[in-house]
Amino acid sequence: LPTEHMPSEFDLIDRYFARKTPQAILGPGDDCALLAPRPGMELAITTDMLVAGTHFFADTDPFQLGWKTLAVNVSDLAAMGAQPRWALLAGSLPAADEAWIAAFADGFFSCANRYAVDLVGGDTTRGPLNLCVTALGEVPCGGALRRDGAHSGDDIWVSGRPGWAALGLAYLQERIVLTGDFARLCVGALQKPVPRVELGAALRQRNLANSAIDVSDGLLADLGHIAERSGVDAEVYAVQLPRLPKGVDAAAALQCLLAGGDDYELVFTATTSKRSELAALATELDLPLWRIGRVVEARGRGEVRLIDEQGRPISVSQTGFDHFDQDKDQ
């Protein structure tokens, strides 16, 4: 559009992001939103930034990007067993492309409607494509799943299909060959992750987990955060890891599973007495839950070791993604 006809910042917000906010005392339109947690609840608050070229391809489908922008934050709430309630969205956009903005908003609100999230405020400006969400949820006082609750002897579990998102990225970057439906599933896992809200809530409500985290930077790296915060070590058994379909390069697949990140699955620890209940929960949610290792007494400062069938440690060159240690251009 010619500059004189371009919509203003407030026109864009009103046109594409102004929706009803029944869970807020006061939603968008004032200097601040007004929110109140229900009696007996604590607020769980998280924020994540998505930057073009670092977290997503600049030409990513805007509907899928809208979904993912909110979903990665909802995943943090899920990891603590919190119920998602509200979100704020800030972003810089290189141009007021209304077709792109409309599709992005549709994807964002598709995720918001799925998880009953009200968008209660935010900000926009012109600049390189950059999106940032702050999400808020509720959890009963003192009941949140945390990273510091793992105990020696706990089983280590992971949900869903870890590694698929990283395989999808490698496929799009032409670093790996995937075929047919599996290629589609891996790309879908990357572009439209599913926050494990129902799983997190069940783990908390049924007292099934001692600690939890979502996988955003890599399975071993994020498990390491649990180990460090809990003052324990973790052993992951290679033979118990989820198996990928035949025909996928085994070494690349293992690297994606262990260190790929972007899965937004939950890693959690649980006492061995919970195994049958967790197996039943997996059936109930129609969600695979994999018992991949155990928590052990600390020999180091939150070490995570990959162990082979003979009980020997396997050297792992990379455990996850660090924004200031390597490139992750997409």
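A residue is called buried under 20% relative accessible area, exposed over 50%, and partly exposed in between, using a 1.4 Å probe and protein chains only. At 47% relative accessibility, Cys141 therefore counts as partly exposed. Cys111, in contrast, is buried, with a relative accessible area of 0%.

The model is predicted: local features need pLDDT of at least 70 and side-chain atom pairs count only at pLDDT 80 or more, while totals for chains, interfaces and linings use all residues. Residues are numbered from 1 along each chain as its sequence is written, and side-chain values use heavy atoms, with hydrogens and water left out.

A disulfide is a pair of cysteine sulfur atoms within 2.5 Å. The structure holds zero disulfides. For Cys111, the closest cysteine sulfur belongs to Cys132 and is 15 Å away, too far for a bond.

Helices (H or I, at least four residues) and strands (E, at least two) are DSSP runs, numbered from the N terminus. Two strands pair if DSSP finds at least two bridges between them. Seven strands form an open sheet of mixed pairing, in the order β6-β8-β5-β9-β7-β10-β11. The edges are taken by β6 (211-214) and β11 (313-314), each with a single partner strand, so one side of each has no neighbour in the sheet.

| Strands | Sense and bridges | A facing pair |
|---|---|---|
| β6 and β8 | antiparallel, four bridges | Ser211 and Thr269 |
| β7 and β9 | antiparallel, four bridges | Val236 and Gly293 |

Helix α7 (residues 219-230) lies across β5, β6, β7, β8, β9 and β10, and runs at about 145 degrees to β6. Contact here means heavy atoms within 4.5 Å. Axes are lines fitted to C-alpha atoms, for helices over the stretch in contact, and angles run from 0 to 180 degrees between N-to-C directions.

How far apart are the end C-alpha atoms of helix α2 (residues 62-79)? They are 26 Å apart, which agrees with the 26 Å that its 18 residues should span at 1.5 Å a residue. The expected span is 1.5 Å times one less than the number of residues. Of the 18 residues of α2, 16 are buried. At the start of α2, a side-chain oxygen of Asp61 comes within 3.1 Å of the backbone nitrogen of Phe63. Just after α2, Gly81 has a positive phi of about 75 degrees.

Note on methods
A polar contact is a pair of N or O atoms within 3.5 Å; within protein, one must be able to donate a hydrogen and the other to accept it, and residues adjacent in sequence count only if both atoms are side-chain atoms.
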